[in-house]
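Subject: Handover of a structure

Dear colleague,

Please find below the structure that I am handing over to you. My findings follow it, and I would be grateful if you read them with the structure open.

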Amino acid sequence: MRVTSQNSGTPPSPADNEPPAPAGASRAKRGLADTRRLWPPGVITVALDLRDQKSSALVVDAIREWAHNTPALQFRIVSGREGDIRISDDEGLKGDWSVIGTDADNVPLSEPTMHLDRNDDSKTFRATVLHEFGHALGLLHEHQNPEHTINWKKEAVYKAYASDNFPKELVYSQILELPVGDHLGVTTYDSKSVMHYAYPGYITHDGKGVDANNWLSDGDKAIARKLYRLTR
Ligand SMILES: [Zn+2]
C-alpha cells in the first residue's frame, strides 16, 4: 500500500487496498509512476489463479488493453500460481490490491502479487483489473499526482472512507498523501485515468466529483507508452 517508497530487501506490503465507495459515489476507482519499479524490457509471465473462465477472460482482456500500450513488454499468460505477476481471487484473502511493479520480485513465490475480490459485475471487475494491473506496471494513484487540482475536504474524506477494513492511515496513504522524490515519473494530472479513484463531490470544497473510469484514458496510454517504449 505504500506507494512512495520501498526499501529493497524488505517484504513488500500490498500496493493498494481499495476502499469501499462512500455513499453517493460510483465505485471507487495522466500519470504518476515509480520509475524504480519498472519492469525491464522482455517477457513477463502472468499467472492466473482464478475461480472460473469468465473471470480469467476479463483479466486477460484488461491486460491486453494495457499490452497494446507497452511495446517493450510481452505478457505470457498462464494458468496456475507460477509467474512473475501472480493474480489470485482466493477468498481467504481480502481486498483489491497489487504490489507496485517489480516489487513483485520480493514477494514469496508461494504468494500472489495481486488479489482481486470476486465480483459478478463484469464491468466493475474489469475496471478493477485495469487499475490493479496499472499498479503491477509501476503506476501510482492518479488522485495523488502532485499536480492534482482536487480540493479535498479532508475531514469529509476520512468520514467517507475510513472503516475497520480501511483505517485512517490507509485513507491518508492511498488517497490524500502526495508522494515526493526524484524517482517519480510525473506527467499532466488526468482525472480520466483508471488509476484515479471515483468519488462524490461532497468530499471536496468545490463540490466536483469524479466518475468511475472503466477504460484506459489517453493519458494512461501515453504514460504506459512513455515508460515502456521499445528503447528506454
Ligand atoms: Zn489503487
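Which residues of strand 4 are buried on one side, and which on the other? Ile85 and Ile87 are buried on one side of the strand, and Arg86 and Ser88 are buried on the other, so that both faces are covered.

Overall picture

Please note that the model is predicted. The mean pLDDT of the protein chain is 88, and 87% of its residues reach 70 or more. Two stretches call for caution. Over residues 1–15 the pLDDT stays under 50, and the model has 45 contacts beyond four places in sequence for them. The pLDDT is also below 50 over residues 24–29, a stretch with 29 contacts in the model beyond near neighbours in sequence.

The protein chain has 5 helices and 7 strands. Read from the N terminus, these elements follow the order β-β-α-β-β-β-β-α-α-α-β-α. Of the 232 residues, 54% count as buried.

Five of the strands belong to an open sheet: its 5 strands have the order 3-2-4-6-5, and the pairing is mixed. At the edges are strand 3 (73–79) and strand 5 (97–98), each of which pairs on one side only.

Strand 4 (residues 85–88) pairs with strand 2 (residues 42–49) in the parallel sense, over 4 bridges. Within this pairing, isoleucine 85 is the bridge partner of valine 46, and isoleucine 87 is the bridge partner of leucine 48. Strand 4 is also joined to strand 6 (residues 114–115) by 2 bridges, and these two strands run parallel. Here serine 88 stands opposite histidine 115 in strand 6.

Alanine 104 belongs to the loop between strand 5 and strand 6. How far apart are alanine 104 and isoleucine 85 in sequence and in space? They are 19 residues apart in sequence, while their C-alpha atoms are 6.4 Å apart. Alanine 104 has a relative accessible area of 3% and is therefore buried, the cut-off being under 20%. Leaving aside residues up to four places away in sequence, alanine 104 touches Trp39, Asp84, Arg86, Val99 and Thr113.

Helix 5

In helix 5 (residues 218–227), the residues Gly219, Asp220, Ile223, Ala224 and Leu227 are buried. Why do they lie on the same side of helix 5? They do so because they cover an arc of only 130° around the axis. An α-helix has 3.6 residues a turn, so residues three or four places apart point the same way. The buried residues of helix 5 pack against strand 1 (32–34), helix 1 (53–67) and strand 7 (184–186).

Arginine 225 also has its place in helix 5. With a relative accessible area of 40%, arginine 225 is partly exposed. Its contacts, not counting residues up to four places away in sequence, are with His68, Asn69 and Pro71. The C-alpha atoms of arginine 225 and alanine 72 are separated by 8.7 Å, although the two residues are 153 residues apart along the chain.

Aromatic residues

The count comes to 2 aromatic pairs. One of them is formed by phenylalanine 75 and phenylalanine 133; this pair is edge-to-face, with 5.4 Å centre to centre and 75° between the planes. Phenylalanine 75 lies in strand 3 and phenylalanine 133 in helix 2 (residues 122–136), so the pair ties together parts that are 58 residues apart in sequence. Phenylalanine 75 counts as buried at 17% relative accessibility, and phenylalanine 133 counts as buried at 0%.

Tryptophan 152 and tyrosine 199 form a tilted pair, at 4.7 Å centre to centre and with 55° between the planes. Tryptophan 152 is in the loop between helix 2 and helix 3 (154–161), and tyrosine 199 is in the loop between strand 7 and helix 5; the pair thus links distant parts of the chain, 47 residues apart. Both tryptophan 152 and tyrosine 199 are buried.

Finally, a charged residue is placed over a ring: lysine 168 lies over the face of tyrosine 158, at 4.6 Å from the ring centre.

Yours sincerely

Methods:
Residues are numbered from 1 along each chain as its sequence is written. This is a predicted model: local features need pLDDT of at least 70, side-chain atom pairs count only at pLDDT 80 or more; totals for chains, interfaces and linings use all residues. Side-chain values use heavy atoms; hydrogens and water are left out. pLDDT is the predictor's confidence in each residue, from 0 to 100. Contact means heavy atoms within 4.5 Å. Two strands pair if DSSP finds at least two bridges between them. Buried means under 20% relative accessible area, exposed over 50%, partly exposed in between (1.4 Å probe, protein chains only). The arc is that of the directions from the helix axis to the C-beta atoms. Rings of Phe, Tyr and Trp (its six-membered ring) pair if their centres lie within 6.5 Å; planes under 30 degrees apart count as stacked, over 60 as edge-to-face and the rest as tilted. A charge sits over a ring if NZ of Lys or CZ of Arg is within 6 Å of the ring centre and within 35 degrees of the ring normal.
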